Amino acid sequence: PRLAICLWVGLCILQCAAESSQGGELSPGHERSAKNEAKEYETLYLLFAFVLVGAAVIHLTTLPQLHSVPVTVVFFVLGIAFALVAEAGHFEFLEGIMNSYEYWAKIDPHLVLFVFLPPLLFSDAMAVDTHVARRAAGQCLLLAVIGVVIGSFATAAVFYYILPYGWSFAMSLMIGSILSATDPVAVVSLLKDLGASPLLTMQIQGESMLNDGTAMVLFNLAYTMVGGEHWSLAKIVGYLLASTLGAWAVGTVLGLVFCFWICTAGDRLDHKSLLIQILLTIACAYWSYLLSDGVWHMSGVLSTVAAALALAHFMWPAVVERRAMLEFWHVIETIGNILVFSLAGMLTGQSIYRHLHLLQDFLWVLVVYVLLIVIRFATIVILWPALNVSGKRVRIQDILVMTWGGLRGMVGLALAILVREDRAAGALGDRDADRVLFMVGGVAALTLIVNATTAPALCGLLGITQTVEGRKVLVRNVASRAEAHVNASLHKLIASGQLPRECMLGPLSEAVERLTGSVRRHAFGDSAEASVAEDLNTGLDGRFERRHRLSRAQSLSIGMERATGLTLKSSAQPSVEDLWSRFHDSKAELLGTHARITHFKFGAQLDRIKHILSTQAVNPQQLKIVREVFFEAVRASYWDQIQAGRFISGTMEPVLLLNSVSIALERSGECLADWSALEHDLGAPCCPYAEETFYTDLKALQQYYVDAERHGEKPRCCRMPLHLWFRVNRLKKHFHAQMRVQQIIAAFMAAHKQAQREVAAYFGRDESVDTPEEAFVILESQIEVFQAAALRAKISKPVQKRMTTAWEVNRICEQYRRFVLSAHDRGVLNGKETELLLEPVVEVMHDFQRRQARIGEDIAKESSHPGAASLDDLDAAVRIQRAFRRWRLLRSTSLSGVRALHGPPGTGGAVSDDGTGQSGASLG
């Protein structure tokens, strides 16, 4: 019966459709309405055709032979080819595609800017390193403001004096402003495949994101002048200030507002938090552009970039899933690039087809293209002294890359389309308007086809992306360790008999040999071919034994000399004696406190470390590489701690820690400097005011509680005298500062210990220290750990207990949450049951976070309670203990020398008072 009913319904639908198709002719109004309705949805054909073709192109670039092909150039060329074929009438049989093409060919240029530009600008600016951006800010502003002004007027002079079109200077300035700014979408797409230095990348990326604001302001001025409007000097200055500074202020305010909202939605226990945060970033990207450009007629580009930079600086520690956020915006950016470059190529192809009969226009496009490169090079050279003063020194190689990387793309084409469609309120003729679009499209096509495809080769020729020898050594070490791991796993399976009976040993061994041979060819180069047979015969241990007959530092020095022709001077060698001196001093400083001695994982290898540093030379270049890898491991550990929810939500501790890594990376050639950067940011948080004042405040507050209890009153802040209220707030700030230091030190020490293990694991033969560069960096790290532990000893005990309790509560709740989510992932619980079981942990964590917000006030009250009357006695006891420990340390040092500082051979840790490896308990 069900099948019969379905067949009957289907026959009725077919009959109705046939009757409607065979009915009378529609009236002209209804026919026009149906045609327009069909055209509206047919516009989606070309849109998703571009997405489909883009997916196919990206899929093809996964082939090894096509890895280096810039996909944005392919999208642009395919758009040109499609437009040429469509204009020639070869797609007439595809009526829907042609209707879609006609609609997109007449698209409003404002719609292109408002739809595509905000997410593309926002996704790039949101992911930048704000520390590097601050370093390059002066150089970016020079290039984006003064550079664009110089380039615009120079290009206007070319069009006014050289080209034979007889255009006015206002119109020439209008075209010059369009062509003087590099397209941020095109440049950023190119930089992701260049592998250039972070600072050079930020210089080009920052300039490309900012110079559109300057160019669009100049374009609006010149465009209205072409239309007949007159501008006074005061009006021009006001417009420039409102369009630049006003737009930046609007974007910054919106970014901070959305950042606060994102931070409040950063509940890691709620599965909807990530969805809310992603939606807020989308809203921030579009509203910053819409309000500035659409409502207040300011620079939408500058506003969007400012909002994105505000989020980049404050938002990331509060994001629930950082990787998911980045992946989402990567997908948005990829779709945007596919559509933008395909549409730009289509519009350029349409303009080229319409000017096939004007050969002189093609020749003048080539002339303008060459002159634009010359103008950009001359502009950067003129600003070269100022660039060196405002930031890091710019090399001639960097200038050449900046010049050749000045691509033009969608932004310029959108402005040119605006000129063609509006024609400056009728002031321009059809031929001049089409010629403007043709010139801009032709230059954009040449920069994308010629410059973008040859930029990687230029960077390689100039040595911009050249891999240093130290990184090659690292890659070889990792490859050797991976090869050893595979061989050991295979031998273990064979020796233990755990290999399945159905597995054929011959093909398995052959596959392993092919794998190791391919790894050697990729990691060691062509020279590995000659040593493959010998390596297979002698094994991994034999190869390591051969390589370590000569010290690694000496081998690397020889390789560097052969590669660069330079000889490392002995004066550049790091001072091992100074390193040991700082190590012992920091340990002595920690011993001078009443804190427990921090554990040193490599303490048992101190004798080996000392032997390595005394017998092998430390190579400065390799030492710099090891430090950089160490800092990247520290950064990864910070992000792991952030994702685990170790920090109190909304605090600035993660930002300070991540910024310290960025600052220290700049000085990786000198020393490990992340702790010094943190100390500079923290100042003296443990002692915000004098110690006597601190105890005076506590005594005053204690007396207030005693008097209140004597009179039977409940102590309240609102009833306190004004001078006592100020004392309470000063104590609250003091304890909040100590909480901040406690969180930073704990995260810092955990990250450094993790990075020490990873450096030892990926450099050398095994997980122990066996190269001088490893030993040097690990000792530098432990010095900083000792210094951090010494500062932690100054934090009051109540703060340490509260923070430790908070971390344990968070750890237990996180374990519970993961267990429930694992049950949900395995299909044991459904969604409703999972939410039911997660509600208790959400309530507990929210209540605990509310208590954490009042921790400063609670500790101040507890410390000043009448039960703390023995505070002075406790302070005196602590001072006596510290003085006694310092006296015993000095006495033991004078008797036994340095051995008293680092303990007996093989212990590695500081000798404690009772010989157990930790300091004695405080008298308190």
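1. A charge is taken to sit over a ring if NZ of Lys or CZ of Arg is within 6 Å of the ring centre and within 35 degrees of the ring normal. In this predicted model, the charged end of Arg322 meets that description over the ring of Trp639, at 4.0 Å from its centre, and the charged end of Lys601 does so over the ring of Phe602, at 5.9 Å from the centre of that ring.

2. Phe602 also belongs to a cluster joined by ring pairs, in which the other members are Trp580, Phe583, Phe600 and Phe786.

3. The whole structure holds 23 aromatic pairs. One of them is formed by Phe153 and Phe169, a tilted pair with 6.3 Å from centre to centre and 35° between the planes. Because Phe153 lies in helix α7 and Phe169 in helix α8 (residues 169–180), this pair ties together parts that are 16 residues apart in sequence. Phe153 is partly exposed, at 39% relative accessible area, and Phe169 is likewise partly exposed, at 34%.

4. A further tilted pair consists of Trp675 and Phe748, with 5.0 Å between the ring centres and 45° between the planes. Here distant parts of the chain are linked, since Trp675 is in helix α28 (residues 674–682) and Phe748 is in helix α30 (residues 722–762), 73 residues apart. Trp675 counts as buried, with a relative accessibility of 0%, and Phe748 is also buried at 0%.

5. Returning to helix α7 (residues 137–161), Thr155 is found there and counts as buried, because its relative accessibility is 2% and the cut-off for buried is under 20%. Apart from neighbours within four places in sequence, Thr155 is in contact with Gly176, Leu372 and Ile375.

Terms used. Residues are numbered from 1 along each chain as its sequence is written. This is a predicted model: local features need pLDDT of at least 70, side-chain atom pairs count only at pLDDT 80 or more; totals for chains, interfaces and linings use all residues. Side-chain values use heavy atoms; hydrogens and water are left out. Helices (H or I, at least four residues) and strands (E, at least two) are DSSP runs, numbered from the N terminus. Buried means under 20% relative accessible area, exposed over 50%, partly exposed in between (1.4 Å probe, protein chains only). Contact means heavy atoms within 4.5 Å. Rings of Phe, Tyr and Trp (its six-membered ring) pair if their centres lie within 6.5 Å; planes under 30 degrees apart count as stacked, over 60 as edge-to-face and the rest as tilted.
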